[in-house]
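Me: I would like to learn how to read a structure feature by feature. Could you take me through one?

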Amino acid sequence: MPATVVVGTQWGDEGKGKFTDLVARDMDMVVRYQGGHNAGHTLVVDGEKFALQLVPSGVLYEHTTPVIGNGVVVDPRVLLAEIDTLTSKGVDCSRLKVSGNAHLIMPYHQELDALHERHLGAAKLGTTKRGIGPTYADKAMRTGIRVQDLLDPKIFRKKLDVALDHHNKVLTKVFNRLPVDVDSVASQYLDECAPRMSGYIADTVSLIHERLEAGSEVLFEGAQATFLDLDHGTYPFVTSSNPVAGGACVGSGVGPRHISRVIGIAKAYVTRVGSGPFPTELSDEIGDYLVDVGHEYGVNTGRRRRTGWLDLVMLRQAARLNSLTEIALTKLDILDGLDSIKVCVAYEADGERYEYVPYHQSVFHKVKPIYEELPGWKTDISGITDHTELPSAAADYIEFLEDRIGVPIRLVGVGPGRGQFLDRAA
Ligand code: GDP
Ligand code: IMO
Ligand code: MG
């Protein structure tokens, strides 16, 4: 059976968690394929809020198998704490499978992330300080430690010795910090985490393929987003993995032939947390309105998100980079109170018009958005359940976006709750 990918089309926090949960209703398996606990995916079910970091957003259904794929970086302490929190809320996590090939976030990765940010000073990236970058760097350097190493204490110790031989020199000689104690890390990971982790560790490549071959539906849940992608995002202000839909293949072990549906999650306005360019950013009262009404604060870090008007140049680019087959437009209800709504339809720089994101950063950094202004609807749409009941200005807004992006908008979010969505194909 074909597989589906859910991917963020902006700079993250578009509502991937909510829409993954929604689509997972019809899925047998939900797979995270990259990133780590830098993600914060919110689900609101029957008024109860779940903020997931590592556990896939399909976990709430008993019929799905949640899988953490090989492309994810896993801090086992965080994963086990998340499992405990979910269990205390009555969610059964026993079906969870974690790839043995996923890399482990170690305590020194987290410390190095924070030290590197401090070292950069004003040029800092604004990372989540979860150790994501240093863990992927170790993976590329081939000095990383993998989840499967937890099952073999001898190999784990050997790899830890090699890694710390290097990192302790960096910590003490470059950053003037205390060295990390090998024994205490080994004890934390091998004695405290490994016994509990062992029940979840699996050959996830085989599991996913067995499901696909049996005709089951598999959903890949992206974290972060297209413009935080290491290759295609606003480098260096990006994360250290590949959130784009193609990342689902590498990060889980399936070929592109399996993927037939790619749902791009797009917020009806844009937010960004951390540093980096943002052409449609607002620093006026409308920006504050979007923060306040949209509750735009980080799920895990609590940081205030930067806000701006919807940017169709980014969405056209995201449609290409991910082969989007449809868009889910989220948080449309947050625009309810606005008299009129601006949409960036193209960029302008040095007298040239850009319909797609200019590849050169020097051009991108100076682009000016070209806006079209559409009338607002000034109506509370959060209780609407049928798309035909939308005020005409809201329906026109959606059609305008569809037309200018060239990708159908099927699902539309009108509130945080599981049931607060409209299906325009219904
Ligand atoms: P993710 O990282 O992409 O999963 O998104 P986050 O969970 O970080 O942020 C999205 C926020 O918007 C969460 O608080 C969601 O509960 C909320 N949300 C998602 N969809 C909608 C929607 O359509 N309307 C409203 N008002 N809130 C939504
Ligand atoms: P979800 O999955 C929004 C941002 C950070 C920073 C940059 C690099 O909830 O959409 P990192 O810690 O990954 O090295 O930080 O990426 N970032 C996110 N922004 N949502 C996320 O995840 C993010 N994950 C990382 O703020 O700018
Ligand atoms: Mg988030």
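Reply: Start at a helix end. This is a predicted model. At the start of α10, a side-chain oxygen of Asp 311 comes within 2.9 Å of the backbone nitrogen of Val 313. Just past the other end of α10, Ser 323 has a positive phi of about 50°.

Me: How many residues of helix α10 are buried?

Reply: Use the cut-off: buried means under 20% relative accessible area. Nine of the eleven residues in α10 (residues 312–322) are buried, so the rest of the structure largely encloses this helix. Among them are Leu 312, Val 313, Met 314 and Leu 315. Arg 316, Gln 317 and Asn 322 also belong to the buried set.

Me: What covers the buried residues of α10?

Reply: The cover includes strands β1, β11 (259–267), β14 (310–311), β16 (340–349) and β17 (352–354). Helix α12 (392–405) is also part of the cover.

Me: Where is Thr 4 placed, and which residues is it in contact with beyond its sequence neighbours?

Reply: Thr 4 sits in β1, which spans residues 3–8. Its relative accessibility is 3%, so Thr 4 counts as buried. Leave aside neighbours within four places in sequence, and Thr 4 touches Met 27, Val 218, Leu 219, Phe 220, Arg 261 and Ile 263.

Me: How many residues of helix α1 are buried?

Reply: First the general idea. An α-helix has 3.6 residues a turn, so residues three or four places apart point the same way. Now the case here. Nine of the nine residues in α1 (residues 16–24) are buried, and the helix is mostly covered. The buried residues include Lys 16, Lys 18 and Asp 21. Phe 19, Leu 22 and Val 23 are also among them.

Me: Now the metal. Which protein donors does the magnesium ion have?

Reply: Begin with the ideal. Angles at a metal are 109.5 degrees for four tetrahedral donors, and 90 or 180 degrees for six octahedral ones. Keep in mind that water is not among the atoms, so a site may look incomplete. Here the protein donors of the magnesium ion, ligand 3, are Asp 13 (OD) and Gly 40 (O), at 2.0 to 2.2 Å. Asp 13 is in the loop between β1 and α1, and Gly 40 is in the loop between β2 (29–32) and β3 (41–45), so the pair ties together parts 27 residues apart in sequence.

Me: Is Asp 13 buried, partly exposed or exposed, and what about Gly 40?

Reply: Asp 13 has 23% relative accessibility and counts as partly exposed. Gly 40 has a relative accessible area of 13% and is buried.

Me: Which residues come nearest to ligand 1?

Reply: Of the 19 residues around ligand 1, the nearest are Gly 15, Lys 16, Gly 17, Thr 42 and Asp 333. Then look for polar atom pairs. A polar backbone atom of Gly 40 is 2.9 Å from an oxygen atom of ligand 1. For a backbone N or O atom of Lys 331, the distance to an oxygen atom of ligand 1 is 2.9 Å. A polar backbone atom of Val 414 is 3.4 Å from an oxygen atom of ligand 1. Taken alone, ligand 1 exposes 590 Å², and the protein buries 92% of that.

Me: Which residues are closest to ligand 2?

Reply: Ligand 2 is surrounded by 20 residues, the closest being Lys 16, His 41, Thr 128, Gln 224 and Thr 239. By class, this shell has seven nonpolar, ten polar and three charged residues. A polar side-chain atom of Asn 38 is 2.9 Å from an oxygen atom of ligand 2. A backbone N or O atom of Gln 224 lies 2.8 Å from an oxygen atom of ligand 2. Taken alone, ligand 2 exposes 550 Å², of which the protein buries 97%.

Me: And backbone geometry? Which peptide bond is cis?

Reply: Most residues other than glycine have a negative phi, and most peptide bonds are trans. Here the bond from Tyr 235 to Pro 236 is cis, with omega near 5°. Pro 236 lies in the loop between β10 (218–221) and α8 (247–250).

Me: Where does Arg 142 lie, and what is its phi?

Reply: Arg 142 is in the loop between α4 (132–141) and α5 (153–174). Its phi is positive, about 65°, although Arg 142 is not a glycine. At 73% relative accessibility, Arg 142 counts as exposed. His 295 also has a positive phi, of about 50°. His 295 is in the loop between α9 (285–293) and β13 (306–308).

Methods: Residues numbered from 1 in each chain as written. Chains lettered and ligands numbered in written order. Predicted model: local features only at pLDDT ≥ 70, side-chain atom pairs only at ≥ 80, totals over all residues. Heavy atoms only, no water. Near = heavy atom within 4 Å. Polar contact = N/O pair within 3.5 Å; in protein donor to acceptor, adjacent residues only side chain to side chain. Areas by Shrake-Rupley, 256 points an atom, 1.4 Å probe, with all protein chains shown as cover. Nonpolar A, V, L, I, M, F, W, Y, C, P; charged D, E, K, R; others polar. Helix = DSSP H or I, 4+ residues; strand = E, 2+ residues; numbered from the N terminus. Buried < 20%, exposed > 50% of the residue type's maximum accessible area, 1.4 Å probe, protein only. Contact = heavy atoms within 4.5 Å. Donors = N, O, S within 2.8 Å, 3.2 Å for Na, K, Ca; no water.
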